[in-house]
Amino acid sequence: MFDANPGRERASAPRLLVLAAFCCLALACVSRGLDLDAYRIVDLSHPFDAETIYWPTEEGFVLEPGFEGVTEGGYYYAANAFRSAEHGGTHIDAPRHFAEGQVTVDEIPLEKLVGEGIVVDVSIQCERARDYLVRVDDFLAWEALHGAIEPGSIVLLHTGFGARWPDRERYMGTAERGAAGVEGLHFPGLHPEAASWLVEERVIAAVGLDTPSIDHGPSKGFESHRVLFARDVPAFENVAHLDALPPRGFSVIALPMKIRGGSGGPLRIIGLVPRDAPSSGAP
Ligand SMILES: [Zn+2]
């Protein structure tokens with residue numbers, strides 16, 4: 001039938017659009033949960049065992065066997081205890097580690113530990129010079145290729161030293177323990193000026209790398225630690241498998257043991273990489 005009242009038809013079209021939009025929104029709300037099938041999950045933590053690398057002055061990770069076997073009740077049961085320094089293996093440095101009055105590990109806001117990640121690949125520079133300090137120019141070169149480092153980013157430095165784990169000599173420059181071992185430390189780190197630039201100019205949430213310390217091996221004053229922690233930016237150390245992440249376009253979830261009053265602690269950190277992300281990671 002010919003429409004005798006086209007005006008009413010036209011008037012109802014916007015309402016239909018609103019209804020359609022509302023339905024889409026409702027559907028989006030229903031499927032709002034994180035669809036983990038859409039992501040590749042990358043384990044960025046090393047395991048904790050007798051091989052795990054700690055600072056030369058630390059004992060290392062000790063698993064104390066408890067009970068394992070079939071109980072009198074006829075069921076299997078296993079339980080152990082462990083002993084560990086806060087700072088060893090894949091771990092977090094809370095700002096309190098080098099800054100009096102700043103937050104302890106249990107007080108770090110979760111917003112600093114969950115967010116968009118970027119990987120700055122400095123492995124070529126670090127292969128040439130094992131005490132390499134990652135500098136502002138390295139970040140500017142990354143930005144020229146991939147775009148600006150957004151505020152709130154979790155910045156991961158891929159030095160390539162993660163591939164040397166758990167060979168202490170190759171990873172940290174020495175297999176010696178105690179004070180003599182500290183003198184032999186040689187591995188890359190973040191330049192204090194670059195640490196300052198990241199917190200002041202890019203307002204990052206956190207920084208991490210695949211070496212034992214955010215300051216390079218020969219450091220005596222730990223200036224980058226102090227710059228970051230004075231601004232409440234935590235650091236992740238001995239991060240694993242950074243080669244499995246793209247330069248950007250992925251998320252990081254970094255959850256440390258919630259030690260009340262701790263200056264740091266063991267860290268389980270993962271990357272969530274969208275399966276449809278371009279393999280080059282280019283924006
Ligand atoms: Zn530490």
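**Helix 6 and its surroundings in a predicted model**

Good morning. The buried residues of helix 6 pack against strand 6 (133-134), helix 3 (136-146), strand 7, strand 8, strand 9 and helix 7. Helices (H or I, at least four residues) and strands (E, at least two) are DSSP runs, numbered from the N terminus. A residue is buried if 20 or more other C-beta atoms lie within 10 Å of its own, exposed if 12 or fewer, and partly exposed in between, with C-beta atoms placed from the backbone. Packing here rests on contacts, and two residues are in contact if their C-beta atoms, placed from the backbone, lie within 7 Å.

Please note that this is a predicted model, in which local features need pLDDT of at least 70, side-chain atom pairs count only at pLDDT 80 or more, and totals for chains, interfaces and linings use all residues. Residues are numbered from 1 along each chain as its sequence is written.

Which residues of helix 6 are buried? They are Pro-192, Ala-194, Ala-195 and Leu-198. These residues lie on the same side of helix 6, because they cover an arc of only 160 degrees around the axis; the arc is that of the directions from the helix axis to the C-beta atoms.

Helix 7 (residues 223-230) comes next, with Ser-224, His-225, Val-227, Leu-228 and Phe-229 as its buried residues. Their cover includes strand 4 (91-93), strand 8 (189-190), helix 6 (192-200), strand 9 (206-209) and strand 10 (235-237). Just after helix 7, Asp-232 takes a positive phi of about 60 degrees.

I turn now to the core. A nonpolar core is a set of buried Ala, Val, Leu, Ile, Met, Phe, Trp, Tyr and Cys residues joined through C-beta atoms within 7 Å. The largest one has 55 residues, and Val-155, Leu-156, Ala-206 and Val-207 have the most contacts inside it. Strand 7 (residues 154-158) supplies the largest share of this core, four residues. Beyond its neighbours within four places in sequence, Leu-156 is in contact with residues including Gly-117, Ile-118, Leu-209 and Val-239.

Some backbone angles deserve attention. Most residues other than glycine have a negative phi, and most peptide bonds are trans. In the loop between strand 10 and strand 11 (250-256) we find Asn-238, whose phi is positive, near 55 degrees. His-241 is found in the loop between strand 10 and strand 11 too, with a positive phi near 60 degrees. Are these residues buried or exposed? Asn-238 counts as buried because it has 28 C-beta neighbours inside 10 Å, whereas His-241, with 19, counts as partly exposed. A cis peptide bond, with omega about 0 degrees, joins Trp-165 and Pro-166; Pro-166 lies in the loop between strand 7 and helix 4 (168-172).

Finally, the whole chain. It has seven helices and twelve strands, and 35% of its 283 residues count as buried. How confident is the predictor, and where? The mean pLDDT (the predictor's confidence in each residue, from 0 to 100) is 91, and 87% of the residues score at least 70. Where pLDDT is low, the predicted coordinates should not be read in detail. Thank you.
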